[in-house]
Amino acid sequence: QVLLAESGGGLVQPGGSLRLSCVASGSIYSITTWGWYRQAPGKQRELVARINYDETTNYADSMKGRSAISRDKAKNTIYLQMNNLRPEDTAVYYCRAEGYGDSGNPIGSWGQGTQVTVSS
């Protein structure tokens with residue numbers, strides 16, 4: 001079992017910045033893909049950013065130029081730096097990890113989520 005723990009959410013004014021973190025723990029052999037998703041009230045969960053096994057990254061159009069995803073493989077941790085935040089970025093942000101456990105079993109886990117609120 002792989003557990004993900006997010007942190008770094010909070011209340012920020014429009015134009016402000018936040019850095020989210022997600023740490024994975026458990027029986028992990030390798031995490032190949034990490035992602036950040038978000039879900040606003042009444043909306044579907046959507047991809048914010050993803051970093052793949054080859055270090056390539058993907059971003060939602062709305063977050064391009066305002067966010068950066070990075071990872072520390074040694075710490076099984078990823079980060080999402082978000083700048084110039086807007087009220088429409090308000091949502092619960094979830095971490096997602098996909099890869100393989102110690103037994104070679106495929107794994108796919110979600111974190112519990114961290115609230116990001118952008119408001120003056």
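User: Why is Asn84 called partly exposed?

Analyst: This is a predicted model, and in it Asn84 has a relative accessible area of 42%. Buried would require under 20%, and exposed over 50%. The value of 42% lies in between, so Asn84 is partly exposed. The residue is found in the loop between strand 8 and strand 9.

User: What makes the phi of Asn84 worth a remark?

Analyst: Phi of Asn84 is positive, near 50°, and the residue is not a glycine. Asn76 is another such case: its phi is about 50°, again positive in a residue that is not a glycine. Asn76 sits in the loop between strand 7 and strand 8.

User: Is Asn76 buried, partly exposed or exposed, and how do you know that?

Analyst: Its relative accessible area is 24%. Buried needs under 20% and exposed needs over 50%.

User: How is the lining of the largest pocket divided by class?

Analyst: It has five nonpolar, four polar and three charged residues.

User: Why is Asp89 called buried?

Analyst: The cut-off for buried is under 20%. Asp89 has a relative accessible area of 1%, so the residue is buried. Asp89 lies in the loop between strand 8 (77-82) and strand 9 (91-101). Leaving out residues up to four places away in sequence, Asp89 touches Arg38, Met63, Arg66, Val116 and Val118.

User: What makes Glu6 buried?

Analyst: Glu6 has a relative accessible area of 14%. That value is under 20%, so Glu6 is buried. Glu6 is placed in strand 1, residues 2-7. Residues up to four places away aside, Glu6 touches Ser21, Cys22, Trp36, Tyr93, Tyr94, Cys95, Gly111, Gln112, Gly113 and Thr114.

User: How far apart are Glu6 and Tyr94, in sequence and in space?

Analyst: They are 88 residues apart in sequence, and their C-alpha atoms are 7.4 Å apart. For another pair, Thr33 and Arg86, the separation is 53 residues in sequence and 27 Å from C-alpha to C-alpha.

User: Is Thr33 buried or exposed, and how do you know that?

Analyst: Thr33 has 16% relative accessibility. This is under 20%, so Thr33 counts as buried. Thr33 lies in strand 4. Apart from residues up to four places away in sequence, it touches Arg50, Ile51, Asn52, Arg96, Ala97 and Glu98.

User: Why does Ile107 count as buried?

Analyst: Its relative accessibility is 15%. The limit is under 20%, so Ile107 is buried. Ile107 is in strand 10. Beyond its neighbours within four places in sequence, Ile107 is in contact with Val2, Ala97, Glu98, Gly99, Tyr100 and Gly101.

User: How many aromatic pairs are there?

Analyst: The count is one. Tyr37 and Trp110 form the pair, with 5.0 Å centre to centre and 70° between the planes.

User: What makes Arg19 count as lying over a ring?

Analyst: Arg19 lies over the face of Tyr79, 4.0 Å from the ring centre. The distance limit is within 6 Å, which 4.0 Å meets. Arg45 likewise lies over the face of Tyr94, at 3.7 Å from the ring centre.

Conventions: Residues numbered from 1 in each chain as written. Predicted model: local features only at pLDDT ≥ 70, side-chain atom pairs only at ≥ 80, totals over all residues. Heavy atoms only, no water. Phe/Tyr/Trp six-rings, centres within 6.5 Å; stacked < 30°, edge-to-face > 60°. Lys NZ or Arg CZ within 6 Å of the ring centre and 35° of its normal. Nonpolar A, V, L, I, M, F, W, Y, C, P; charged D, E, K, R; others polar. Helix = DSSP H or I, 4+ residues; strand = E, 2+ residues; numbered from the N terminus. Buried < 20%, exposed > 50% of the residue type's maximum accessible area, 1.4 Å probe, protein only. Contact = heavy atoms within 4.5 Å.
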